Amino acid sequence: MTKIVNSWNDFDPLKHVIVGRADHSCVPPEEPATSEKVPIDSPMRGMWGPRPLETVEKANAQLDNLARVLEERGVKVDRPSPLQWNQPVITPDFRTGSMMTCMPPRDTLLTIGNEIIEAAMSFRCRYWEYLAFRPLLSQYFNEDPEFLWSQAPRPRLSDKSYKHNYYDERISLEERLVRTANKDFVTTEEEILFDAADVLRLGKDLFIQHGLTTNRKAMEWFKRKYPDFRIHAVNFPGDPYPIHIDATFVPLRPGLIINNPHRKLPEAQRKIFEKNDWQIVDAAMPAHKEPPPLCYSSVWLSMNCLVLDHKTVIVEASETNQLEQMDKLGMNVIPIHFRDAYAFGGGLHCSTADVYREGTCEDYFPVQDFDDVTRV
């Protein structure tokens, strides 16, 4: 029996990770949560069904290559067991025509120390996604006597969990930005809702993005579950589609974060970082003007990198501006091609979930003696 699960942040030396798979992936039908993720002018509006086999094969080739690169650097890599995602999801509260994918385990699984939590995700199409990871979690449970396997309260995702007619094609981008600045999102506070990728782990402090996929009730749940931790709500009013924090606010090592310059952390919320001598640097501009075809995400997947240790980072090979910035910030950069995988759920960070990183639970923010507006 050995210790298998341990991770407190995204930058300590990575030793064991889950890398997703694109097999059987689908573009899900429109639903209250997913409609918010598809911009009005996107060709994906109204489109759903199995993704083209050629694109699945290309994505899997790049995911397999990521796994090889990690293994060559001494990182143990596990892979999920994909379901037939084209099956419908039927519950007492809703029905939707298909599921989605298990390419981005970062959305589903949240590792905090020796615990992995299955998230309470707000997309109906992702209701059963955690099942792809169950064989791995069962194995960890059998082999690691200290591993805590948790599931957040399962949401019902009834109509009460969403604002009726929130998605209005008549509103402008400016009006949408006003909504997000006012923390007006499609999800209600009916039940606990969060994607794991909205939680930024920095030792004793968890910074959780309030947006389209995570609500305040989830933050209150974290506060009660981890009474010894400090839970902070953050939001980025420059983002009209605020989903997941890891293409907006990315820590590279203790004391250094890159922030999407179009989605800046509000000045009042920066205080906790400034008071504790953290540097927040504007991320480099993306090298691409458009995301790949059939991709939900924005061009800012350029900053969705995977940090292997305090000096080493994997970045998408065509993101030349981000590669150059990482070098200037003192990081050893490993470029790999990954744009063919973007459409299936995100970038390099999205496509992985930590199992083990060296290190312990550090207090990176000892100065807390001021009015912290990010506190829940």
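Me: Is His244 buried or exposed?
Reply: The cut-offs come first: buried is under 20% relative accessible area, exposed is over 50%, and partly exposed falls in between (1.4 Å probe, protein chains only). His244 has a relative accessible area of 6%, so the residue is buried.

Me: What kind of model are we looking at?
Reply: Residues are numbered from 1 along each chain as its sequence is written, and side-chain values use heavy atoms, with hydrogens and water left out. Local features need pLDDT of at least 70, side-chain atom pairs count only at pLDDT 80 or more, and totals for chains, interfaces and linings use all residues, as this is a predicted model.

Me: Which residues does UniProt list for "active site"?
Reply: The entry is unreviewed, and UniProt annotations may be inferred rather than shown by experiment; positions follow the numbering used here and feature names are shortened. The record names three residues: Asp195, His244 and Cys350.

Me: Which residue's side chain does the side chain of His244 make a polar contact with?
Reply: A polar contact is a pair of N or O atoms within 3.5 Å; within protein, one must be able to donate a hydrogen and the other to accept it, and residues adjacent in sequence count only if both atoms are side-chain atoms. The pair in question comes in at 2.7 Å, and the partner of His244 is Asp195.

Me: What is the relative accessibility of Asp195?
Reply: Asp195 lies in the loop between helix 4 and strand 10 (199-202). Leaving aside neighbours within four places in sequence, Asp195 has contacts (heavy atoms within 4.5 Å) with residues including Arg126, Thr213, Thr214 and His244. Asp195 counts as buried because its relative accessibility is 1%.

Me: How many salt bridges does a search of the whole structure find?
Reply: Side chains of opposite charge can pair when their charged atoms come close. A salt bridge here is a side-chain nitrogen of Lys or Arg within 4 Å of a carboxyl oxygen of Asp or Glu. Asp10, Arg106, Arg201, Asp354 and Arg357 are linked in a network of such bridges. The search of the whole structure finds 22.

Me: Which residue meets Glu118 in a salt bridge?
Reply: The two side chains come to 2.8 Å, N to O, in the bridge between Glu118 and Arg134. Glu118 lies in strand 8 (residues 115-118) and its partner in helix 3 (residues 134-143), so the pair ties together parts that are 16 residues apart in sequence.

Me: Arg124 forms a salt bridge with Asp159; what is the relative accessible area of Asp159?
Reply: The closest N and O atoms of Arg124 and Asp159 are 2.9 Å apart. The pair links distant parts of the chain, 35 residues apart. Arg124 is buried at 8%, whereas Asp159 counts as exposed because its relative accessible area is 58%.

Me: What arc do the buried residues of helix 3 cover?
Reply: Those residues are Leu136, Leu137 and Tyr140. They sit on the same side of helix 3 because the arc around the axis is only 95°. That arc is taken over the directions from the helix axis to the C-beta atoms, and its value is 95°.

Conventions
Helix = DSSP H or I, 4+ residues; strand = E, 2+ residues; numbered from the N terminus.
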